[in-house]
Amino acid sequence: MQSFDPRHFALVPAAGSGARMGAALPKQYLPLLGRPLIHHALATLCAVPGIERVFVVLSVDDAEWARHDWRVLGPRLEPLFCGGPTRADSVLAGLRAISAEVRATDWVLVHDAARPCLARWHVEKLMRELAHDDVGGLLATPLADTLKRADEHARVAATVARDSLWRAQTPQMFRYVMLRRALESVHGVTDEASAIEAAGLRPRLIEGDAANIKVTWPFDMCLAEWILRHRGEGDGKEEKIP
Ligand code: C5P
């Protein structure tokens, strides 16, 4: 029997409407440093040599993608117009759409279009640390704040111990067939790791950093702009992105 080294593919769900931003455009297309927001994460993923292709899952009726010039990101980028009603539906539709190109044991890195401050070292660390893992895992950061659970009157019902709590980020990296089966078996999950957990497995947490924010509220755009402008200053890990 022939055996292959696993390859790496990126899948970027970008079929959301971004309703919480309250903007006319879906948030993946809001301008950020002169580019659509999604451009920044795609540029990072396309710059990682170990990633074969970067698939972007767009909504079926997306009219905005074609208004921008993506050629600068190179030939590994491919849009798929197959998004679904939820993030998990979009990811699953994307996985089904690429089935002819990807082998069962290849790795898929799922990354939210809404995280524009992804840095190359985030991706490369994830790939390096999970290379020999049986399950796969995700970028995450240990929680610094004390957590409060609220009652219905916004009063503190409980303090949740923060020991061992992490904030899940993306990319989340799992084997193609494992991820597809996991997503086909559960509903209502908000990330890939939850689907893998529901299948009885324990994804590994790989420590990233707080710069990999998810743009959800309008203020996050200011933060993302600041992070991208100051990238490389002091951390010694990344060149500045223009
Ligand atoms: O809305 P939220 O910020 O949780 O979305 C996370 C990511 O999932 C975004 O990149 C968004 O475009 C994507 N998404 C999707 N299909 C949906 C809903 C969200 O691809 N139906």
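Select the shell around the ligand, where the residues divide into six nonpolar, five polar and five charged; here Ala, Val, Leu, Ile, Met, Phe, Trp, Tyr, Cys and Pro count as nonpolar, Asp, Glu, Lys and Arg as charged, and the others, Gly among them, as polar. The model is a predicted one, in which local features need pLDDT of at least 70 and side-chain atom pairs count only at pLDDT 80 or more, while totals for chains, interfaces and linings use all residues. Residues are numbered from 1 along each chain as its sequence is written, and side-chain values use heavy atoms, with hydrogens and water left out.

Within this shell, pick out Pro13, Ala15, Lys27, Gly84 and Ser90, which come nearest of the 16 residues around the ligand (a residue is near if one of its heavy atoms lies within 4 Å).

Next, show the polar contacts, meaning pairs of N or O atoms within 3.5 Å. A nitrogen atom of the ligand lies 3.2 Å from a polar backbone atom of Pro85, and a ligand nitrogen is 3.4 Å from a polar backbone atom of Thr86. On the side-chain side, Lys214 places an N or O atom 3.1 Å from an oxygen atom of the ligand. Taken alone, the ligand exposes 460 Å², of which the protein buries 86% (Shrake-Rupley areas with a 1.4 Å probe).

Finally, centre on Ala15, found in the loop between strand S1 (8-13) and strand S2 (31-32), strands being DSSP runs (E) of at least two residues, numbered from the N terminus. The C-alpha atoms of Ala15 and Ser59 are separated by 4.5 Å, although the two residues are 44 apart along the chain. Leaving aside neighbours within four places in sequence, Ala15 is in contact with Gln28, Val57, Leu58, Ser59, Gly83 and Ser90, contact meaning heavy atoms within 4.5 Å.

Note on methods. Polar contact = N/O pair within 3.5 Å; in protein donor to acceptor, adjacent residues only side chain to side chain. Helix = DSSP H or I, 4+ residues; strand = E, 2+ residues; numbered from the N terminus.
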